[in-house]
Each structure stands twice: as C-alpha cells, then as structure tokens.
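Thanks, I will keep this brief. Please look at the screen.

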Amino acid sequence: MVKRIWTMTSSFGQMSKLLCKCLRISPIVSDILIQRNLREPEEVIEFLHPTLLNLASPFSFRQMPRVLERLSLALEKKEKVLVYGDYDVDGVTSTALLYKVLTDLGFQAVAYIPHRQDEGYGLHEEAIRRAARAEVKVLITVDCGVTAVSEVKIAKDLGIDVVITDHHEPPECLPEALALLNPKVADSGYPFRDLAGVGVAFKLAQALLQVFGNSEADVASEISLLDLVALGTIADLVPLVGENRVFVHQGLRQMENTVHPGLDALLQECGLKDKPLKAGQIGFMVAPRINAVGRMDSAREGLELLLTEDLGRAEELARLLTKENQSRQETEKEILAEAISLIEREPLPRVIVLSSDHWHHGVIGIVASRLVERYYRPVFMIAEEGKEAKGSARGIPGYPVLEQLKTQTELLEKYGGHSAAAGFSLFTENIGRLREGLNRQAAAFAETLFQEVLHIDRKISLEEVSADLLHDLEMMAPFGFGNPGPVLAMREIPVHSVNTVGKERNHLKFRFGNHGEQEGIAFRLGDRFSELNGSAKLDAAFSLDWNTFQGQDKVQLMIKDVQLKASWLGGEIAFEDDEQSTWQQVAAAQDGLDFEWLDWHELYPYEWTPADKKRIWVWDMTGLESHLDLWADSLLPNYFPRETLKNRQFLDKTGLSLGEDEGLGLILGLPLSAEEFEEGLEKFRQLGIYRLAISGYQDLQEERVRKQCGYLTRDELIRFYRELKNKASESNPFHVQLASREDRELKAALKIFEELGLLHCLGGSEKIALEWIPAQSRLDLETSLRYRYSKERFEQALTFQKKLLANFPSCREKLRRAERS
C-alpha cells in the first residue's frame, strides 16, 4: 500500500465566521462549505435544502422542440419508437424510465439493451437493421449515441429518425441525428452540463409529460420517476452537485416509498426496505446488483426488474440479481488476486496495463478501480478474446484517461469515456505497444501526481466528536463523487486499545481516549496491526457515522488513514484568523486611503464628450442584481436631478479631461453590505478607477432594499398561504404557474413553505405540481432558514446603508432629510 500524504486548506477566517453567524451553522460545517466553493449564504441555503423548484426547464435544450414535434407525429401515426440503452445502471435506469413514460402516454414503445459480450457498448449496425425490419420509425438512444456517426447514417438510410440523449463527451464530428440532447454539446442550451444519462432521459420525460400528459392524471408522474433518476445518477459517479444533488436528495426520499415493484423487491433483498436511505448504500448495495447481470451476462433481467408490475416476478428477479452479484464478486476477487501478483513481480510503473486471455471483460473495470485504490496509479485492464481485446481504464486526479487514450489512437479500434474512466478495444498484438506508449506519455507528468494525497476537510479535537456534530455534517448529504463525505483529522489521539476484527481478522477496531470512550473502525487495514499496536498516540483521518447496537446510536470514527505521525503536504497547515473585518477595510477606503470621492451634485453629464464616457464605469445596484458596466446614456433621466442641468462647472469640478488614463466610477444606489461595498471597490481598483461618486440614494428606499434581499414579510407569506390553501381545497395535488419574472416572490414563498413542510413539489418547470400538507401544529416562520436569513439580511442592509451614508459628507443632508420624512 502506498503511504498517503495529507493536505488541508487553511481556514477562511472572517469569511467562515460571517457564514456561521448569518446562517447559524456549525463553524466546522461552515469551514467545509467554504472549501467546497459555497461561500455565499444564498448558495449554502440552496445546497442544504435542495428543491425541485431549482431544476432548469427541459425546454432549455434548444433541440427539444424538434424531438417533441417528431414524437407527436409518431403518436398520431402509431409508429414504433425504440428506446436503445446501455447495460450499466445508468443505461438500464434511463431505458426503464423513458420506456415507462412513453408507454404510459400511449406510444408504441419498445426497449432494447445490447449484450455486453456479444455486442458491446453503443449503437450497433445489426441492431439498427433488426429495428428497421421490425418497422421502427423513431430510435431514441439513452446514455449512448453521441459518437455513433456511421450508425446514425445507416439508420437514416433505412428510414429511421434517430434522437440521441447522452451525457458523454462529444467528439469533434457529431452524428447527423434528427436531434441531439446532450448538455456537454456546445450550444445545447442546457445550463447544467454534468447530468448523468438518466438525468438527460428524465429531462426528455419531463417535456413529454408536460406536452402529451393529462395534467390531472400525470400530476405525480415526475416525482415517481425520481428514484430511478437517483439510482442511475449515484451509480454513474457524476458530481453530486447542482441538479444531480436535487435528483439524489429527492430521489432517495421517493425510493423509500417507491411505486416500482422491482425496485421495492431489490431494496428488500438488500435489507434496506423501510429504512432511511443514503447514497452510499445505493452505490454499494443496490447498484452493483443491477450492474452484475450486465457484466456477467445480459442486462435485460435488470431492465425487466425495473419494468415489471408483477410482485412475484420482481422478487424472483431480485434474488437472481443477488446471485449474479455474488458470482461477480467471486470472479472479481480471483482476477484482483492475479492482477496484484502480476504487478508485484516488478517495480511499480507509472501506468499499470495488464491483460489476460481468461479474464471476464464484464468485471475488469471494477478490478481496475480496486487497483487504483491500492496503488494510486492509472490502471488499464484488458481482456484478450483471441485476436481482439477489450479494455477498461480508471484514472487518478490529474491524469485524464480519455485524453491519454487519444494519444494512442493508432493502436486502438474504438474508445470512449471521460477523464476518470474509459472503455476501449484493440488487437491483442498491440497490447505491449499500448503499455509502452501510455508509460512514455506518463513520463511528462510530475512525479508528485502519482503520490496519493488525502484531502482533510477539517482538523478537530476528540472532545468535538459528538452526535450534534454528526447531525450538522449530515446536513451536507447526499455524499458521493463531487461532494464526498467530510474527512476530519486528529493529531496525537490517545490510543486505549487496538484489535483485529472480522471473519478474516482483516479489520482494525480502535478505542481512543484515556478511558477508551471513543470507538473507531478501520476496514481492510488488519495487516497493519503489528505496526500500530502498542502506540500510545496516533494521527487519524476519518469520517463520522452512526454505530447502532441494541437500539442505541453511537458516533463512530470511520478511519480513512492512520499513521504514527502523518506526513503533511507542505508541512502541517495551521488555521488562520483574519482579524481585520471587512467594515474596517471599507472605513479605510472611505477615509480616502484609496479613492477620491467626488460630489455627485456638482457633476454635469451633458458636458461629457464621447471620449469621456468611454472612461466612465457605472456600478448599478438599483435592480435586483448589481452589475458593473460602461456608461449608458439611458441612465441620465433617473439619476441626474433637473437642478444639475443648470450647473456649468462640470469640467472644472471633475477634471475628467485632465488625463488620458484617468476614469470615473459612478455608484448608482447603495450596496446591501460592507462585503458587497468592498467587492465593488476592489473591481474599481482592478480597472484603475480611483475617482468615485455616489448617487441614487435620494432616500432610503426600503421597499427596493426588501426586494433586493428577497425578504417576504409575514403578511405577504400569509397572503400566499391562503391562496395556496384555497387551491388545495379545490384539488390536491394542484398546479401553479411560474412562467414570468413576476412569479419570483411566489417561488420564494413556495421554497419557504416546502422547507416548513407545508407542501411537496411534485415536478414541472413553468407549470409546477404541488401537494399541500396540512400543518399539524402552529408554525414558526423563524424555523425556515430561507425566511430567517432574508429577514436578517434586510434589517442589516438598512442599518449598513444608513451608516454608509453618514460617512459621506455629501450624503449626510440627504440622509437627515430622509429620516425627517
């Protein structure tokens, strides 16, 4: 095993404190959120409370109308529509989801998944020709197709219109399909590029339900599909951020009450029925069972499981999948042992390339992942099948697998994938040259790339480990790729005892603390017992989880790494603290250390020449969103009082024409906070603008500030509450329209009510389906993080603006006048 180096980002000091204060969250959680680039309170709130109301419209895809137009014709003419999928979990869930929706809407749909061994990944000519003979007129790919240039042409020649839904990296030359829905394609129109294949299929399903569905009968259809979306998204290891986080968060809730008999039977088979579900459980227990049948034989049993409505057949298929998974595990274990033996015969190369004529192609990808974990090297596993061979590759951070495969194009017959994983095929005779070529290319990478670095999110003390801390950390779930479970670390933890546990004594169980009060478990580290036993203190990196025994929950350290003394990248990083507050920085700017503040009332814009205006930057904060841009004449009527037109001394007062490189910064309106003010001033500094004037503050416009802060008053929320309750009394579930910017406040109210448990969003984009949930007790608006934050932000903004105006001499009289009125 390669020894890891630990690394940790230093604390963000004042920034973390501000986030902790305004959202009332744990300092440990606020530090971790900021490290993950969640630094604005609004971003953090949406992250902690994912909602379907934040999903982009499926009609964001520019080619969606073309798809719907063709499918409308297929529905009218009763033409056959083939859903063509892939044999992994993402492909199987995509196929099941889209087939269910099409058949429910009355389409003549057929589902097909290629055989891994006989056909391999993607569209195949023979399958297309069989489809043509079966009179299929529309073929929709899911989780594949973006590279199928020749296959799409064959389909077109045979009279089949192809619609591609995919999420893989597109090639330079795209297939000439009827339509292509892939968020990674340039100009796709879709704002979130990291959807899984099932995510793209779901967006098409959303559009189909909204255009062809019965709004009353199909009101809950979208939410009922989210468990399939969550399953495929988790299994495909796409980043659990943005829309993927929403899908998984909501999908896990839906999975606990799934309407799909096959998925219900599979949860029962895994021992997860009637339990709160976590993304990790789905990734390690449920998804592998569906993957197993596709790896070992045909994925069609997995597809049948997700489609069947027969409870007995569902249970039978769930047992079959478990049996296939056990067979896959045994095969994987044998290949892994053989691979380790091959690797350890010689010095460890930068890139591991292994092959054999008796390895099962279906499991070599999993073995490659295990080898990456063990050796921290890119791994290319190849199954030789006579003169031809098929391979699977897995990478490490900083080593883009697909790009490296492209450097060996002349040796490959076919390849595809992404930066972390890829599949490929080649002639067996070229395997040696591929090994040499990949290692030759790898020599260009820095040696440090091949040293595993364990990222620590936060150092804590043993005393800080508690149930409250674990509850706080769980707010960040679901965890997975792109949002890993937080890794904490402790230095010099007192070790009370350490023992080997497990059937094969291959795990370590620790008791930490002077009296052994804290338990820790380290899986697959039993071979380090002799090294660690007898140590009085250790350094440990770990996550926290619950250990349930005899009905009692206790916090347990899940050890990721343990060292006698950890090696830190660049030395151990201490937490820093920024003692200078942002307000002090603003005060320094106001005192004139950086800027010259001009009197707005002495400026005369009608004397400005075109050359002058090219050097005038305007920071406009009068709308819902602030922006910085060059001068526009359209601003004149709003922010220049009539009396200034009489002033003929502009050039003398401003000196704008004195220098070619000088400019003027105009601030319209008032910032909402010291942080926003300093951020704006910094932008002016970067532009080389040090002469500023402020206007648009003629009075403190509380109503405008309230809207800018997104604050809905109690009275406004009561009005929305009554309107929604009346709608629900007529029909529940029900619909609301969110099609225009004027609906911004209604959307904010819906999010608050959803957070309070008053309603459940069932889906939709412009037209939202909602289920009203009657309140069981008196509600406290302050328990809503969204409401509480917006209210406090509004109050703090008003306080800040008064303080800001009081510090500018030219504004004081205006402020006094506003207060008197």
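Y711, Y787 and F794 form one aromatic cluster. This is a predicted model, so everything I quote is computed from it. The number of aromatic pairs comes to 14.

Take one of these pairs, Y399 with F445: the arrangement is tilted, with 5.5 Å centre to centre and 45° between the planes. What does this pair tie together? Y399 lies in the loop between β9 (388-394) and α16 (401-406), and F445 lies in the loop between α17 (431-442) and β12 (453-456), so parts that are 46 residues apart in sequence are tied together. Y399 is buried, at a relative accessible area of 1%.

Next, Y721 and F753, which pair edge-to-face, at 6.2 Å centre to centre and 70° between the planes. Here helix α26 (residues 714-730) supplies Y721 and helix α27 (residues 744-755) supplies F753, so the pair links parts 32 residues apart in sequence. Buried or partly exposed? Y721 is partly exposed at 24% relative accessibility, while F753 is buried at 3%.

Two arginines also sit over rings. The charged end of R245 is over the ring of F47, 3.6 Å from its centre. R719 lies over the face of F720, 4.6 Å from the ring centre.

Now the sheet. Five strands make an open sheet in the order β3-β2-β4-β5-β6, with parallel pairing. Its edge strands, β3 (108-112) and β6 (179-181), each pair on one side only. From one strand to the next, the twist averages 20°. Inside the sheet, β2 (residues 80-84) and β4 (residues 136-142) run parallel and are joined by five bridges. Y84 stands opposite T141 in β4.

Conventions. Residues numbered from 1 in each chain as written. Predicted model: local features only at pLDDT ≥ 70, side-chain atom pairs only at ≥ 80, totals over all residues. Heavy atoms only, no water. Pairing = 2+ DSSP bridges. Helix = DSSP H or I, 4+ residues; strand = E, 2+ residues; numbered from the N terminus. Axes fitted to C-alpha atoms, helices over the stretch in contact; angles between N-to-C directions. Phe/Tyr/Trp six-rings, centres within 6.5 Å; stacked < 30°, edge-to-face > 60°. Buried < 20%, exposed > 50% of the residue type's maximum accessible area, 1.4 Å probe, protein only. Lys NZ or Arg CZ within 6 Å of the ring centre and 35° of its normal.
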